[in-house]
Amino acid sequence: MIGKILKDQHGHVAGAVPAGPGAARPPITAAHLRKDAWWALPLATFVFLASFVVYSTWAAFQNAHYFAAPYLSPFYSPCISASCVHATFGGGLPDLTFPVIGLLSPAFLVLWGPGLFRLSCYYYRKAYYRSFWLAPPACAVKDVKEGYTGETRFPLVLWNFHRWTWYVAVLFIVVLTWDALLAFRFPAPGGGATWGVGVGTIVMWINVILLAGYTFSCHSCRHVCGGHVNEFSKAPSRYGIWSLVSRINPQHPTFAWLSLFSVGLADLYIRLVSMGIIRDLRITF
Amino acid sequence: MATTFTLRLFRGDAKGGTFRDYPVESEEGMVVLDLVHRVQASQAPDLACRWNCKAGKCGSCSAEVNGQPRLMCMTRMDLFQPGETISIAPIRTFPIIRDLVTDVSYNYVKAKQVPPLRLKPPEADGTYRMMQEDIDRIQEFHKCIECFLCQDVCHVIRDHEEKKTSFAGPRFFIKIAGLDMHPLDTVDRSRFMKDAAGIGLCNITKCCTEVCPEHIHITDNGIIPLKERLADEMDPVVWLLRKFRGVKPKTNA
Ligand code: SF4
Ligand code: SF4
Ligand code: FES
Ligand code: FES
């Protein structure tokens, strides 16, 4: 088959690759010869990613304490089912009830979006292939599993649809920005609303800025903004946007971590305020 | 001031071999290759090692120093603790010839398979025009010195020998990227990338980028953009925009 592809696409059919079992490699059996603490990074990644997954799943199942006027937790935004404490678009979708699970928490109606976006993110793929899959655990350290198919088979081949999840993620940035704007509008003691700023407002803004940094430094974003162009001189505006995205793209892993923390902490903050455990400091005008 | 180190060198060939220790002195400013040469000059005249420029530009002196793929001539001795025992192994992904020398011809086979550039017809006045911004991106890939450290570290072939037939490796992904992003290119390499070069086997774990002595962003600027180019085929938005604009994809007619 490879021969035919090479012919169709103008590659040269070259001699056979010196391969085969062992192919007379250096007779060194050690899985690796590294002396540094190569295991520290995958271990730390494992601990942080796993803790986030545990916390966010727990928070999504709570179906309570996700709204402390005027703050809405990012895990529950946009809140679109009828039972929402704070429905984002007025009404809401009918509640879904399942056997065993009971009422479906509105968090699950939205979490699939950001969830799939992060799961298929090029950076997180690197992070979890190293720390969970151990393929490879670190550079020049042997893969733990014998067989390997990379991202050529179901389900991992689906990560090639990362771009679709990016389109969805952009919509989430719009919604979360709206939530952050509403976080300036506090309920007035005598009814109605008054403007102000609270610690929660700042928390929500930091979160949405970091999430936007993460979303717009994405590799798929870089590609759609201009990465697909071969003659930049003929597409100056796309070149401009591409150059901008290319500037923040190297910070994508940093944004990935910071926004992961900020989204969890924003939920936690709003949860604690809503439970009455901490008091939100605020100034209203 | 001289410091003594122990070089633990791999000695042997395909039939068998072991690591042997050589105590050797290092002066200020020396690199690993200097010490290997000292061992060769004083203790092991039959030690096989490949080198050429001693300036990080020929890509011959690739080895695994303390288990990490590196150029021996660019690895300074002040990286190590005085007195440390430093292991030096051949690049393990390729068949061994002897001691630190391996047979890297896998890479030459893969190089030949890459569909080369096919230029567009010239402009009306018979010339070609390219602007600097058109080629900035691909110039990065041209810094490659073919040391094959990225090929050595890539777990797809390092840990799965059988993948050598269906996988081209990071060095050739940036080669393909350099051609595919070329402003005058006309070749469609999509099936080649997927089915002959095996880009889907790369799980973007970025070890190639970590070891590249030329600091080429192999994954971020080469492999991922290529994966994204392939993803265009499945993107309805791109399809619509192309229809609307009348952009024709590359073909091999
Ligand atoms: S990023 Fe891909 S090509 Fe580079 S070393 Fe990892 S698997 Fe190999
Ligand atoms: S891409 Fe970098 S590591 Fe790979 S062969 Fe070229 S210079 Fe060496
Ligand atoms: S979100 Fe990380 S690459 Fe797209
Ligand atoms: S000797 Fe040329 S790169 Fe090291």
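1. Which residue of chain A forms a salt bridge with Lys227(B)? The partner is Glu151(A), and the closest N and O atoms of the pair are 3.1 Å apart. A salt bridge here is a side-chain nitrogen of Lys or Arg within 4 Å of a carboxyl oxygen of Asp or Glu. By this rule, eight salt bridges are found across the interface of chain B and chain A.

2. Basis of the values. This is a predicted model, in which local features need pLDDT of at least 70 and side-chain atom pairs count only at pLDDT 80 or more, while totals for chains, interfaces and linings use all residues; side-chain values use heavy atoms, with hydrogens and water left out. Residues are numbered from 1 along each chain as its sequence is written, and chains are lettered from A and ligands numbered from 1 in the order in which they are written.

3. Extent of the chain interface. Chain B contributes 88 residues to the contact and chain A contributes 72 residues, contact meaning heavy atoms within 4.5 Å. The area buried between the two chains is about 6600 Å², with carbon and sulfur atoms giving 54% of it. Buried area is the accessible area (1.4 Å probe) that two parts lose on being put together, summed over both.

4. Polar contacts and composition. Between chain B and chain A, 40 residue pairs are in polar contact, both residues being at pLDDT 80 or more. A polar contact is a pair of N or O atoms within 3.5 Å; within protein, one must be able to donate a hydrogen and the other to accept it, and residues adjacent in sequence count only if both atoms are side-chain atoms. On the side of chain B that touches chain A, helix α9 (residues 218–231) gives the most, with eight residues. Helices (H or I, at least four residues) and strands (E, at least two) are DSSP runs, numbered from the N terminus. That side of chain B divides into 35 nonpolar, 22 polar and 31 charged residues. For these classes, Ala, Val, Leu, Ile, Met, Phe, Trp, Tyr, Cys and Pro count as nonpolar, Asp, Glu, Lys and Arg as charged, and the others, Gly among them, as polar.

5. Surroundings of ligand 2. The residues around ligand 2 include Cys144(B), Cys147(B), Cys150(B) and Cys212(B), a residue being near if one of its heavy atoms lies within 4 Å. Arg171(B) and Glu146(B) also belong to this shell, which divides into nine nonpolar, no polar and two charged residues.

6. Domains. Chain A is divided into domain 1 (1–30) and domain 2 (31–284), with C-alpha centres 41 Å apart. In chain B the division is into domain 1 (3–102) and domain 2 (105–252), and the C-alpha centres of these lie 32 Å apart. The bounds come from an automatic or database domain assignment.

7. Domain interface within chain B. The contact takes 15 residues from domain 1 of chain B and 17 residues from domain 2 of chain B. These domains bury about 1200 Å² between them, 57% of it on carbon and sulfur atoms. Pro69(B), Thr93(B) and Phe94(B) supply 50% of the area that domain 1 of chain B buries against domain 2 of chain B, more than any other three residues. The count of salt bridges between the two domains is two; Glu214(B) and Lys57(B) meet in a salt bridge with an N to O distance of 2.5 Å.

8. Backbone features of chain A. Cis peptide bonds, with omega about 0°, join Ala69(A) to Pro70(A) and Phe154(A) to Pro155(A). Pro70(A) is in the loop between β1 (67–68) and β2 (71–72), whereas Pro155(A) is in the loop between α4 (122–133) and α5 (162–182). Asn63(A), although not a glycine, has a positive phi of about 50°; Asn63(A) is placed in the loop between α2 (40–62) and β1 of chain A.
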